[in-house]
Amino acid sequence: MEKNKRIVLAKRPEGLPDESIFRLEECEFPRISEGLVLVKGVYFSVDPYMRGRMIERRSYIPPFSLNETISGGVVAEVIESRSGTFQAGDYVTGMLPWQIYSLGDPRFLRKVDAKAAPVSTALGVLGLTGLTAYFGMLDIGRPVPGETAVVSGAAGAVGMVAGQIARIRGSRAVGIAGSAAKVDYILNELGFDAAIDYKKTDDIGPDLDRACPDGVDVYFDNVGGGISDEVIQRINDNARIPLCGQISLYNATDVPMGPRLQPVLLTRSALMQGFIISNYADRFQEGIGQLAAWMKEGRIKYAETIIDGFENLPRAFLGLFSGENLGKLLVRAF
Ligand code: NAP
C-alpha cells in the first residue's frame, strides 16, 4: 500500500510566516466506508485567505487547529467510490485536506469535467478566484462603458479576471501589479488599457494620474494599504469599491494608520462594500457558466503558476506574499 503524507500547522505565525509554521509528516492511509469516496489530490490551491485561518480570531471561517492538517481547495481524482455520486477516475473539487490520499463526502464535492477545460481551472478561473472576480466586479463594481476601473493585485488570480470583466463591460481597465513582467502580461496579453508597476516607485500617485485622466469609477481592491489610499483619493462621484482583499495587511503585526477615507466616500457619494465569495454560493453555476463562455470566446484569458511536488505546498503558499505567481498559484502533487 502506498504511503500517505499530510501537512499540518505546526505553529501559529507572527508577522511574515516562514516554512517553520508547517510540518510535513507521514500519516495513515484512509479506510473508506459506505457513502464516501477515496481521493488522491492532484492540484492543491494556495490562497491568501489561508493566512487568516492560521491565527486564532473570530472570522467568517474557523481557524486551523494546531498540529491538524491544513485544508483548502483541491482538485482530486476519485480512486475508489462507495457512493452513487462519483466513480473511480472522476475528477472532483472541494475543500479537502493537504494530504495525498483522503476521504471525501460527495455532498461537499463537485465533479470537474476534464474534457471541458484543464482540471486545474476548477481552482482558478472556473473556480473560487474567477467567481470572486465575477461577482465582485459585476454585483458591486458594476462598470459601464466609458468608465475607468482600477484593479490592484491585477496580475493575480482574482485581479486578472476582474480587469478583463471590466473591459467586457466596456470600461477602461487599469491594473496595478508588482513587476515589469506582470505589467507587460496584463497590458499585452490581457488587453488592459494601462498598468502600473507599484514596486518601481515610492509614490504611485503620479502614475495613477497619468493612467486615469478621468478619475476612477470602480476600484476593485485586492491589496489595501498605501496603494488603496492613493487610488481612493482619485475616485469620481458615485464610484463603487468592491473590497475583495487586503493582502498588504495580512502579515502586519501593527495595523498601520492610513488617511481617514470616510470624507472621500461621503463627498463623492461612493460605495465601498466588502464581500466574501461564499455569499454568492447559490449563484456559482451562473458565474461558472458565464466565465466558461467568455473563455471559449477568447474574451477571458488566464495564467497559472504551477509548482510541482506536494512537499512544496508551504513554499508555494509563502510565495503569495512575495508575488512569485502570475495568475493562479497551484501545487501539482504528482
Ligand atoms: P493572487 O493575487 O493570485 O496572489 C497574491 C498576490 O498579491 C501576489 O502575487 C502579489 O502580487 C500580491 N501582493 C502580495 N503582497 C502584496 C503587498 N504587500 N502589496 C500589494 N500586493 C501584494 O491571490 P488571489 O487568490 O487572486 O487573491 C487576491 C486577493 O483577493 C487577496 O487579497 C485575497 O485575500 C482576496 N480574495 C478574496 C476573496 C473574497 O471572497 N473576498 C476570495 C478570493 C481572494 P504583486 O507581485 O502584484 O505584488
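Residues are numbered from 1 along each chain as its sequence is written, and side-chain values use heavy atoms, with hydrogens and water left out. Because the model is predicted, local features need pLDDT of at least 70 and side-chain atom pairs count only at pLDDT 80 or more, while totals for chains, interfaces and linings use all residues.

## Salt bridges

A salt bridge is taken as a side-chain nitrogen of Lys or Arg within 4 Å of a carboxyl oxygen of Asp or Glu. The search of the whole structure finds 17 of them. Among them are the pairs in the table.

| Pair | N to O distance |
|---|---|
| E147 and R240 | 2.6 Å |
| R167 and D193 | 3.1 Å |
| R283 and E286 | 2.9 Å |

The E147 and R240 salt bridge links distant parts of the chain, its partners being 93 residues apart. E147 sits in the loop between helix 2 (128–141) and strand 8 (148–152), and R240 sits in strand 12 (residues 235–243). Helices (H or I, at least four residues) and strands (E, at least two) are DSSP runs, numbered from the N terminus. Both E147 and R240 are buried; here buried means under 20% relative accessible area, exposed over 50%, and partly exposed in between (1.4 Å probe, protein chains only).

R167 and D193 form a salt bridge that also links distant parts of the chain, 26 residues apart. R167 belongs to helix 3 (residues 157–168), whereas D193 lies in the loop between helix 4 (180–188) and strand 10 (194–197). R167 counts as partly exposed because its relative accessibility is 36%. D193, at 35%, is partly exposed.

In the pair R283 and E286, R283 has a relative accessible area of 29% and is therefore partly exposed. E286 is partly exposed at 37%.

## The ligand shell

Which residues come nearest to the ligand? Of the 26 residues around the ligand, these are K182, Y198, Y250, I277 and N325; a residue is near if one of its heavy atoms lies within 4 Å. The shell divides into 14 nonpolar, 11 polar and 1 charged residues.

Oxygen atoms of the ligand lie 2.5 Å from a polar side-chain atom of Y198 and 2.7 Å from a polar side-chain atom of Y250. A polar backbone atom of A157 is 2.9 Å from an oxygen atom of the ligand. Taken alone, the ligand exposes 910 Å², and the protein buries 90% of that (Shrake-Rupley method, 1.4 Å probe). Helix 2 and helix 3 are the elements that give two or more residues to the shell.

T129 lies in helix 2 and is buried because its relative accessible area is 8%. The side chain of T129 reaches the backbone oxygen of G124 at 3.1 Å. Not counting residues up to four places away in sequence, T129 touches D47, L123, G124, A157, V158 and K328, where contact means heavy atoms within 4.5 Å.

D308 lies in strand 14 (residues 304–308). With a relative accessible area of 45%, D308 is partly exposed. The side chains of D308 and R332 are joined by a polar contact of 2.8 Å, that is, a pair of N or O atoms within 3.5 Å; within protein, one must be able to donate a hydrogen and the other to accept it, and residues adjacent in sequence count only if both atoms are side-chain atoms. D308 and L249 are 59 residues apart along the chain, and their C-alpha atoms are separated by 28 Å.

Methods:
Ala, Val, Leu, Ile, Met, Phe, Trp, Tyr, Cys and Pro count as nonpolar, Asp, Glu, Lys and Arg as charged, and the others, Gly among them, as polar.
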